[in-house]
Amino acid sequence: MTTALKTSGMNEAVSTAPSTAQKSGAELVLDALEEQGVDVIFGYPGGAVLPIYDALHHRSSIQHILMRHEQGAVHAAEGYARSTGKVGVALVTSGPGATNAVTGLADALLDSIPIICISGQVARPFIGTDAFQECDTTGITRSCTKHNYLAQSAKSLSGIIHEAFHIARRGRPGPVLVDIPKDVQFEEAAYTPRAEAKNRNCIVVPDIKNNDIEHAVELMRHARRPVFYTGGGVINAGASAQLRALARQTGFPLTSTLMGLGSFPASDPQWLGMLGMHGSLEANNAMHDCDLMICVGARFDDRVTGRLDAFSPNSRKIHIDIDPSSVNKNVPVDLAIIGDAGEVMDAMLAEWRRRETQEKHDKVRIAEWLMQIDGWRARKSFQFEPADDRIKPQHAVQRLYELTRGKDVYITTEVGQHQMWAAQYFHFDEPNRWMTSGGLGTMGYGLPAALGVQVAHPDALVIDIAGDASVQMTMQEMSAAVQYGLPIKIFIINNAYLGMVRQWQELLHGRRYSHSYSDSLPDFVKLADAYGGHGIRAEKPHELDAKIEEMLASKKPVLFDCVVTNEENVFPMIPSGAAHNEMLMGGAVTGDEISDEGKVLV
Amino acid sequence: MNTTTTPSQSVYPVTPDQGAAKEAILTVIVDNEPGVLSRVVGLFSARGYNIESLTVAEVDVEKHRSRITIVTSGTEQKIEQIKAQLGRLVPVRRVADVTKESDALTRELALVKISATGDHRVEAMRVAEIFRARPLDTTHTSFIFEVTGARDKINAFLDLLRPLGLTEVSRTGVLSIRRGAETD
């Protein structure tokens with residue numbers, strides 16, 4: 001105790017910086033956020049965070065966006081983070097504020113999105129007394145954050161916030177929660193600058209071994225059927241440029257997970273499209289038949305691998321990941337390289353070029369493979385039957401893509417069929433343009449995420465491709481969009497069903513559509529009016545383009561009710577319990593395609 | 001069922017059974033801060049790993065470091081996964097697999113209560129002597145022994161005492177340390 005006092009006394013004597021001035025915990029929080037470069041907070045006030053809101057009142061350097069629900073606040077922070085590569089910040093109160101934030105935190109954890117969530121807590125003497133709006137926030141959020149803190153004193157507060165940012169950003173990014181009791185927000189203490197804060201490393205990333213790089217390049221140069229399998233890690237690492245350089249240098253074909261879309265241009269001939277459950281035929285067949293798989297920043301998720309024991313049976317696998325726990329978790333690999341995707345790919349490219357000076361890579365080695373892939377591609381697995389009288393959902397997304405080409409466009413989605421159609425028919429040439437809930441699969445993600453994206457990019461075109469069911473989960477955020485003049489476009493693929501649930505019921509449960517029909521949908525046009533936004537409805541294919549143009553021209557937040565055919569399924573599809581080369585294509589499906597074993601799987 | 005003909009159909013990230021499960025003793029050095037034990041234990045329950053025993057105490061007061069010793073079991077791949085997952089926790093400083101070290105010492109302490117009279121009492125005392133168990137407390141109808149040793153030794157001691165009136169056991173769980181000058 002005495003030593004601690006002495007040290008702080010010494011600091012005061014030595015340092016003449018203004019940081020020694022005593023400030024309230026609430027001011028210290030904002031000072032720390034400011035030093036971390038935060039300019040926007042998404043939040044919702046309440047009793048236990050009032051001191052912080054009071055401090056925000058006279059701080060013009062930080063903009064606060066008042067959301068309508070704490071889940072929305074965290075998703076908006078996620079959208080902000082994913083579209084900028086910066087850390088998103090949410091501010092919520094104790095009790096229900098914190099529990100409402102849980103879904104967003106879990107979402108950010110599974111998709112590795114750097115988020116700081118600051119929550120209020122009841123004053124220290126009340127903790128554990130079942131006080132009003134008290135909950136065990138650190139206990140509840142322990143398993144859905146990368147790390148969390150209960151700030152025990154104002155003295156530790158600014159240091160904790162700096163460390164929280166460090167942890168959120170470093171290694172595999174993720175959400176960090178800082179729970180601050182109300183009396184700590186009032187307590188006075190000195191500020192700890194970022195440079196003096198403790199920065200614990202969660203994972204010590206080892207140096208990249210030359211041997212491993214040489215081994216990897218050796219495998220790559222000898223491969224006859226290579227494929228790059230890339231994920232969200234490439235985008236998190238900001239390594240799209242390195243990926244493009246490596247892919248172009250090698251000429252290898254490339255597929256991305258749902259999370260990795262945009263890291264490689266979809267317009268490039270080397271691009272195979274998305275892989276996985278609803279991925280393209282060429283991507284999945286290439287994964288199944290390859291002799292060398294180079295996985296960069298992806299984690300062999302079950303949506304991607306399908307049946308594990310039939311997953312790419314004859315390939316050697318190289319896995320590049322920043323998180324050692326991702327390696328050999330689901331699929332054993334032959335060579336694991338732990339490190340930042342950008343640094344590893346830089347090293348691989350350098351090694352490839354070095355080898356190239358000794359002996360040119362023989363492109364003929366992979367020529368046959370590329371021809372085989374072209375054969376699969378020629379089957380056009382994303383083809384669908386157009387209809388004259390009703391709008392097909394695939395057509396709607398296709399038109400939306402065509403009419404927004406060349407614009408500065410960001411896409412978010414909810415979760416379900418529309419999400420898969422968006423991934424299949426909207427194409428991305430740049431990273432950080434595609435925000436979707438991949439890991440947790442959170443319906444209601446897209447609308448608030450779009451709001452966060454629009455705050456970060458005020459002049460960009462931000463579209464939430466939504467479903468009629470998902471969008472109602474966070475519809476209230478329309479109110480926030482109108483309040484802050486954020487002209488997000490919510491493009492609702494309205495089939496009046498919980499579409500993906502209905503599709504599974506059709507394929508797995510004998511067309512018994514148990515509680516998947518949305519009766520009594522709201523009139524989305526009137527709803528837009530009620531919020532003060534702009535409502536548009538399109539029901540016929542011939543009016544679609546003009547209506548989309550109307551949406552794009554609107555300066556207001558738009559709810560676009562795109563009424564589509566009701567019982568369209570997402571194809572192609574790897575049924576549960578099947579392998580990559582057993583895809584179901586569109587057309588007649590009898591319902592017998594899925595084995596009894598497959599039916600128990602999600 | 002028909003496991004011999006059809007392989008696993010699971011698309012869940014269930015680790016395929018590669019080799020037999022074996023026991024592993026993990027030593028985890030952590031920052032002693034509020035909630036750290038629950039992070040470690042929560043990780044095990046959330047990911048479906050076993051805990052056979054768990055021991056924790058602060059070992060470095062100045063640096064606020066605690067040492068957690070966990071006995072768990074799983075395939076080689078599962079144990080590697082457990083170590084990697086533990087490594088992701090922010091307060092975890094080091095994880096070492098003691099079972100991988102041929103020179104690790106492991107010990108456990110147990111307090112054992114016997115309620116017995118007559119011949120059983122005499123026999124219990126004799127067994128205790130052989131196992132170098134110390135009587136800590138005695139009445140005309142009971143003994144409490146303190147015994148330390150490797151887990152197998154304690155199990156053997158308990159097996160011998162069971163027919164002699166064993167009524168209660170309290171065990172610390174396994175502790176471990178490396179032989180020689182090297183540290184974990």
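This is a predicted model: local features need pLDDT of at least 70, side-chain atom pairs count only at pLDDT 80 or more; totals for chains, interfaces and linings use all residues.
Reader: Hi! Can we start with salt bridges? How many does the structure hold over all chains?
Author: Happy to! There are 44 salt bridges over all chains.

Reader: Which residue forms one with A:Asp323?
Author: That partner is A:Arg172, and the closest N and O atoms of the pair are 2.8 Å apart.

Reader: Why does A:Arg200 count as buried?
Author: Its relative accessible area is 5%, and buried means under 20%. B:Asp31 is buried too, with a relative accessible area of 7%.

Reader: Which other residue forms a salt bridge with B:Asp31?
Author: B:Arg65 does, with the closest N and O atoms 3.0 Å apart. B:Arg65 is in strand 3 (residues 65-74) of chain B, and the pair is 34 residues apart. B:Arg65 also counts as buried, at 18% relative accessibility.

Reader: So which residues are linked in that network of salt bridges?
Author: The network links A:Glu163, A:Arg200, B:Asp31, B:Glu33, B:Arg65 and B:Arg93.

Reader: New topic: the nonpolar core! In the largest one, which residues touch the most other members?
Author: Those are A:Ile294, A:Met348, A:Phe491 and A:Phe560, out of 76 residues in that core. Helix 14 (residues 341-358) of chain A gives the most to this core, with six residues.

Reader: What is A:Phe560 in contact with?
Author: Leaving aside neighbours within four places in sequence, its contacts include A:Ile490, A:Phe491, A:Ile492, A:Leu544 and A:Met551. There is also a second, separate core of 45 residues, with A:Val74, A:Ala460, A:Val471 and A:Leu559 among its members.

Reader: How covered is helix 12 of chain A?
Author: Helix 12 (residues 281-289) is mostly covered, as eight of its nine residues are buried. Among the buried ones are A:Leu281, A:Asn284 and A:Met287. The buried residues pack against strands 9 (226-230), 10 (254-256), 11 (271-274) and 12 (292-296), and against helix 15 (364-377) of chain A.

Reader: Where is A:Gln71, by the way?
Author: A:Gln71 is in helix 4 (residues 70-84) of chain A. This residue is buried, with a relative accessible area of 13%. Not counting residues up to four places away in sequence, A:Gln71 touches A:Asn100, A:Thr103, A:Thr442, A:Met443 and A:Thr474.

Reader: Over to chain B. What domains does the assignment give?
Author: Chain B has domain 1 (16-100) and domain 2 (104-177) in the domain assignment. Their centres, taken over C-alpha atoms, are separated by 28 Å. In chain B, 11 residues of domain 1 are in contact with nine residues of domain 2.

Reader: I spotted B:Ser142. Where is that one found?
Author: B:Ser142 is found in strand 7 (residues 142-149) of chain B. B:Ser142 is buried, with a relative accessible area of 14%. Among its contacts beyond four places in sequence are B:Ala116 and B:Arg121.

Reader: And where does B:Ala116 lie?
Author: B:Ala116 lies in the loop between strand 5 (104-115) and helix 3 (119-130) of chain B. B:Ala116 counts as buried at 9% relative accessibility.

Reader: Last one: which residues make a nonpolar surface patch?
Author: B:Leu37, B:Val41, B:Ile51 and B:Val56 make one of about 260 Å². B:Val41 is in helix 1 (residues 36-46) of chain B, and is partly exposed, with a relative accessible area of 33%.

Key:
Residues are numbered from 1 along each chain as its sequence is written. Chains are lettered from A and ligands numbered from 1 in the order in which they are written. Side-chain values use heavy atoms; hydrogens and water are left out. Patches are made of residues with over 30% relative accessible area and no salt bridge: like charges are joined within 9 Å, nonpolar side chains (Val, Leu, Ile, Met, Phe, Trp, Tyr) within 5 Å. Accessible areas come from the Shrake-Rupley method with a 1.4 Å probe; for residues, only the protein chains shown count as cover. A salt bridge is a side-chain nitrogen of Lys or Arg within 4 Å of a carboxyl oxygen of Asp or Glu. Helices (H or I, at least four residues) and strands (E, at least two) are DSSP runs, numbered from the N terminus. Buried means under 20% relative accessible area, exposed over 50%, partly exposed in between (1.4 Å probe, protein chains only). Contact means heavy atoms within 4.5 Å. A nonpolar core is a set of buried Ala, Val, Leu, Ile, Met, Phe, Trp, Tyr and Cys residues joined through side-chain atoms within 4.5 Å. Domain bounds come from an automatic or database domain assignment.
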